[in-house]
Amino acid sequence: MPSDADGMTLRGDRAVPDVALTGGSGPVRPSRPLDATLGHGFEGSGTETSRYRGDSAGASNVGGMSEVHPELAELRNSIDNMDAALIHLLAERFKITQRVGVLKATQGLPPADPEREKEQVARLRRLAEASHLDPEFAEKFISFIVAEVVRHHADIAEAHQRIDPSV
Ligand SMILES: C=C(O[C@@H]1C=C(C(=O)O)C=C[C@H]1O)C(=O)O
């Protein structure tokens, strides 16, 4: 199985992480020994290893200089990129749902659509399972977002009602 430098194994046309994350706060299940997955610096007795050990914040203090383990820094860089992508995606989603809210308010439709929500939850649970993400976490995540959207829709409907009580 070909493997690139980032701990990703290429299966078919997809890159999948060698460590399977089961969900938000769920357990991390290594699909191969953790030391092999993590690579250098975590096993053995090299100076690189001991230098970065023993600091729970992931930083070691050498001569008053705080150093973060280079692999930890690299991983956090990726986490930061993904968090930024999540925020951008959420911002785009809320732009669209605001338009849905205005459309519903002007058409006299209710803020929430429980049938649509059920379909979304079922679909996202399936997608989560296929991606080795905890489906319970996926459901909580989407429900949290949808609840906020519905609250916005109720606010838009109320504001619209004040301007045009006929709807
Ligand atoms: C966006 C809508 O309004 C609400 C919000 C939803 C969402 O955020 O996905 C889904 C269903 C509705 O309860 C919609 O009806 O499509």
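Is Thr-106 buried, exposed or partly exposed, and how many other C-beta atoms lie within 10 Å? Thr-106 is partly exposed, with 13 other C-beta atoms within 10 Å. A residue is called buried if 20 or more other C-beta atoms lie within 10 Å of its own, exposed if 12 or fewer, and partly exposed in between, with C-beta atoms placed from the backbone. This is a predicted model, in which local features need pLDDT of at least 70, side-chain atom pairs count only at pLDDT 80 or more, and totals for chains, interfaces and linings use all residues. Residues are numbered from 1 along each chain as its sequence is written.

**Overall make-up**

- The protein chain has five helices and six strands; helices (H or I, at least four residues) and strands (E, at least two) are DSSP runs, numbered from the N terminus.
- Along the sequence, the order of these elements is β-β-β-β-α-α-β-β-α-α-α.
- The protein chain has 167 residues, of which 5% count as buried.
- Among the contacts in the protein chain with a separation of 6 or more, 39% are between residues 24 or more positions apart; two residues are in contact if their C-beta atoms, placed from the backbone, lie within 7 Å.

**Helices α3 and α5**

- Helix α3 (residues 70-107) and helix α5 (residues 135-163) have axes that come within 9 Å and cross at roughly 40°.
- Such axes are lines fitted to C-alpha atoms, for helices over the stretch in contact, and the angles run from 0 to 180 degrees between N-to-C directions.
- On the α3 side, the contact is made by Thr-97, Gln-98, Gly-101, Val-102, Lys-104, Ala-105 and Thr-106.
- On the α5 side, the contact is made by Val-149, His-152, His-153, Ile-156, Ala-157 and His-160.
- By class, this contact of α3 with α5 has five nonpolar, seven polar and one charged residues; Ala, Val, Leu, Ile, Met, Phe, Trp, Tyr, Cys and Pro count as nonpolar, Asp, Glu, Lys and Arg as charged, and the others, Gly among them, as polar.

**Two residues from this pair of helices**

- Thr-106 lies in helix α3 and touches His-160 and Val-167, not counting residues up to four places away in sequence.
- Between the C-alpha atoms of Thr-106 and Asp-164, which are 58 residues apart along the chain, the separation is 8.9 Å.
- Ala-157, in helix α5, counts as buried, with 20 C-beta neighbours inside 10 Å.
- Leaving out residues up to four places away in sequence, Ala-157 touches Lys-104, Ala-105 and Pro-111.

**Helices α4 and α5**

- The axes of α4 and α5 are 8 Å apart, and the two helices pack at an angle of about 145°.
- The crossing of α4 and α5 is right-handed.
- Helix α4 contributes Glu-117, Gln-120, Val-121, Leu-124, Arg-125, Ala-128 and Glu-129 to the contact, and α5 contributes Pro-135, Ala-138, Glu-139, Ile-142 and Val-146.
- The residues of this contact are seven nonpolar, one polar and four charged.
- Leu-124 of helix α4 is partly exposed, with 17 other C-beta atoms within 10 Å, and touches Ala-138 and Ile-142, not counting residues up to four places away in sequence.

**The ligand shell**

- The residues around the ligand are Thr-97, Val-100, Ala-112, Asp-113, Arg-116, Glu-117, Gln-120, Val-146, Val-149, Val-150 and His-153, where a residue is near a molecule if its C-beta atom, placed from the backbone, lies within 6 Å of it.
- Helices α3, α4 (114-130) and α5 each give two or more residues to this shell, and the largest share, four residues, comes from α5.
- By class, the shell has five nonpolar, three polar and three charged residues.

**Loop residues**

- His-132, in the loop between α4 and α5, has a phi near 60°, a positive value in a residue other than glycine.
- Ala-57 lies in the loop between α2 (47-52) and β5 (59-62) and is exposed, with 8 other C-beta atoms within 10 Å.

Definitions and conventions. A crossing is left-handed if the near helix is turned anticlockwise from the far one by less than a right angle, and right-handed if clockwise.
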